[in-house]
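Thanks for asking me to look this over with you. Have the sequence and the picture open side by side, and take the points one at a time.

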Amino acid sequence: MKVSLSWLNEYASINSDPEEMAAKLTMAGLEVEAFNSRFDYLDRVVVARVEEVVKHPKADRLNCCRVNVGEEMLSIVCGAPNVKEGMLVPCARIGAVLPGDFKIKKGKLRGEVSEGMLCSASELKLDADTSGLMPLDSSLVPGTPLVEALNLSDTVFEIDLTPNRPDCLSMIGVAREAAVFQEPSVELTLPETVLPQERAAVSINDLARVDIRDPELCPRYCASLLVDVTVGPSPFWLQQRLEAVGLTPINNVVDVTNYVMMETGQPLHAFDFDLLAQNRIEVKTAGAVTRFTTLDGKEHPLEPEMLMICDGEKPVAIAGVMGGENSEISAGTTRVLIESAYFNPVSVRKTAKRTGIGTDASHRFERGVDPAATKRVLERATALMADFSGASIAGGIIDEHPQPCPGVEIRLNTDHLNRRLGTDLSAGEIKALLESVSFGVTQESETFLNVSVPTFRVDVTRPEDLSEEVARLWGYNNIKTSFPAVSPSRASLSPRLAFRDTVRECMTGFGFSEAVNYSFSSADSCDRLNLGADDLRRSVERLLNPISEDMSVMRSSLLPGLLETMKRNNAQQVDTLRLFEVGNTFIATEKGIQPNEREKLSALWTGSRVAPSWHTKAEACDFFDIKGAIEGLLSHLGVADVVFSRASKDDHPYFKQGVAAAVEAGGKTLGVFGQVDSTVLKNFGLKQEAFVFELDMADLLAAAPQSVTSTPLPKFPAISRDITLVVDRDVAAGAIMAQVDSFVKKETLVEDAFLFDVYEGKPLAEEKKSISLRIIYRSWEKTLKEKKIKGLHDRISKSLIEGFGADLPA
């Protein structure tokens, strides 16, 4: 909302400078977003003396003038009839931008150079006079900025009001707040309304009638009538007031309704009385009427419960929103019915929302206007309109008020208020603060106040609201900061949240960056992952009102989001990525029942194994890099009995054939990993290899030990022995390691075993491969000797040879 400082000064003497005023209003809860001088457009307009006037050689109505603008003489072509030598006038210099976005440039008029423009008052929006140049006082000095010469000063504030402060959607409302925060505070002066004693010979009750059919939606409706109206332009000062706050002047009838609305916050509407069928107003819902054309010429669909203003035959306005084209004021209007009403805020809000019409009137009505000001504001508008249009006022005012709005009375406990705010204000101080903004307060005791809430404060209904009011009036900066006496201990995170943090820390420690994607995905994500028709992940939960087609379903896998992130990074020439995401996936159930949610951990590795540098060659990452990340994570979490096995492409069709594995621990599958299939990469618009894994967080948490056990450091040295086996190529190294691990568990001397080499090629047969294992032996009681472990090592070797049909190398 725009607020003019000069307009505010009509109601309160504002003695603060604009910057201080903006700060005070903001601290009072009326946030000032910006403020600027209304006359900034005159910054290139100066006082000029016309030194010489010569007739234009090629145009009878133009003159060539030599103009003194202080530091130089300018040649300006002027067509004003009153230009003469020696007169002082406003001169817009080159670069000035006048109202209407009219830019002053150096040019030629009929062959003569013109280096500026001599201006009339109307061209500068300083008066309505269009007869010629604006004459200035002869005592002024050429070159003086016009703003300074005429002492033009007005600041316009742009205030962002919260919805609970409709009382400040008016100049008087803002002035009331500003007056309190002046030092010292000043009195608020409300405009006096004096209706002329001389009235038209007729009474409004003889000519018009108002019936409220739905008092729940319209508790009060007032109307006045003017006759012998002459529609024309408004006084210039009124036009300036409206333009200062961003409104466009139309005529003396409509402008008065807008002016009074901006002044008081009460929207008004003017009907051409002669266009109202049967000279009557009915306030009722639309019912069977389905279409209505508003003042802007647009047709809108209506719903039966929308409140309408109707005449004896048809709707003439959407109540509280906008008037109709069929009853608008025109140049030929001679009788005007002025409406001032109180409409149900919820009703207006719904109507404005459903019709898509947002107006200054609906903005105020839907937040709540002062129900007690309806008649008073009508009288103000009637008096102004009669004055500006030369009209006569019909006797009386119609005031239909079937449901009076009860006043709000609040019993305030000052001790509770002080405890709530952390203040130590006396009952008298609280009383003075509330009375400064028009609350009625009587002191019952040292502890209790009885507060009558003014009708324009529709947001104050309970003691807590009064506490907020006192806090802002006292000044938030005056409330001392204090901290509650609480125990320094804090509640520990739930195991699930703590585990999630541990996983995140571990993954970032491995060099992965965390990605956070939307929980929504495209409906074709399952198709792009090549999921089978019976795959459970195709049971997606669809959104009723999606943001876009790309976010129309709840995700059933984290992989599409990571692949899309990879695509965006590749497009920015970022080819090496290590990403992970922890988030929920959703599997739809029955209609009307919440989907099943499972928290997953997914990661993606693409590009180089390590960042290229002078000492390291760039090497592409592979299957074993993503496997190593999983092994490192499981080791850090303390997950035991981990087994890797070949994953079926039928169950995981987004992996390349033969380059995918499942991860198991304690007999339960934790997840899968592998290389993304080339067709899936193509579906996501990717051109380079990518390796991913997806683990179930709940299963991972269940597999991780809840406590950590420790063992003492060994006292005696270990002995290591190697075993090299030649096996068929399709024998899984993991199966061999699983059998070795069984010895680790049951043989006390076997401490550890690991795979350290796999070889394929000559001199081995084409269908064979060589696998080398290292077994670590150690005793906790003494130093081992070769003969002590030889038998055990031979037994392990024999078990592996027989179990896998292996041979020893030649």
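Which residues of helix H11 (residues 414–421) are buried? Before the reply, a word on the ground rules. This is a predicted model, in which local features need pLDDT of at least 70 and side-chain atom pairs count only at pLDDT 80 or more, while totals for chains, interfaces and linings use all residues. Residues are numbered from 1 along each chain as its sequence is written, and side-chain values use heavy atoms, with hydrogens and water left out.

1. The buried residues of H11 are Thr 414, Leu 417, Asn 418 and Leu 421. Buried means under 20% relative accessible area, exposed means over 50%, and partly exposed lies in between (1.4 Å probe, protein chains only). Helices (H or I, at least four residues) and strands (E, at least two) are DSSP runs, numbered from the N terminus.

2. Why do these residues sit on the same side of H11? They cover an arc of only 95 degrees around the axis, which puts them on that one side; the arc is that of the directions from the helix axis to the C-beta atoms.

3. The buried residues of H11 pack against strand E25 (408–413), helix H12 (427–435), strand E27 (448–453) and helix H13 (463–474). Contact here means heavy atoms within 4.5 Å.

4. Both ends of H11 deserve a glance. After H11 comes Gly 422, and its phi is positive, near 75 degrees.

5. Next, the sheet. Three strands form an open sheet in the order E25-E27-E26, with antiparallel pairing. E25 and E26 are the edge strands, each pairing on one side only. Two strands pair if DSSP finds at least two bridges between them; E25 and E27 are joined by six. Across from Val 408 you will find Val 453 in E27.

6. How do the helices lie on these strands? H11 lies across E25 and E27 and runs at about 75 degrees to E25. H12 lies across E25, E26 and E27, at about 165 degrees to E26. Axes are lines fitted to C-alpha atoms, for helices over the stretch in contact, and angles run from 0 to 180 degrees between N-to-C directions.

7. Thr 442 belongs to strand E26 (residues 440–443). With a relative accessible area of 48%, Thr 442 is partly exposed. Not counting residues up to four places away in sequence, Thr 442 touches Leu 449 and Asn 450.

8. Arg 537 is worth a visit too, in the loop between helix H15 (525–528) and strand E30 (553–554). Arg 537 counts as buried because its relative accessibility is 15%. Its side chain makes a polar contact of 2.9 Å with that of Tyr 654. A polar contact is a pair of N or O atoms within 3.5 Å; within protein, one must be able to donate a hydrogen and the other to accept it, and residues adjacent in sequence count only if both atoms are side-chain atoms.

9. How many disulfides does a search of the whole structure find? The count is zero, a disulfide being a pair of cysteine sulfur atoms within 2.5 Å. For Cys 168, the nearest cysteine sulfur is that of Cys 405, 20 Å away.
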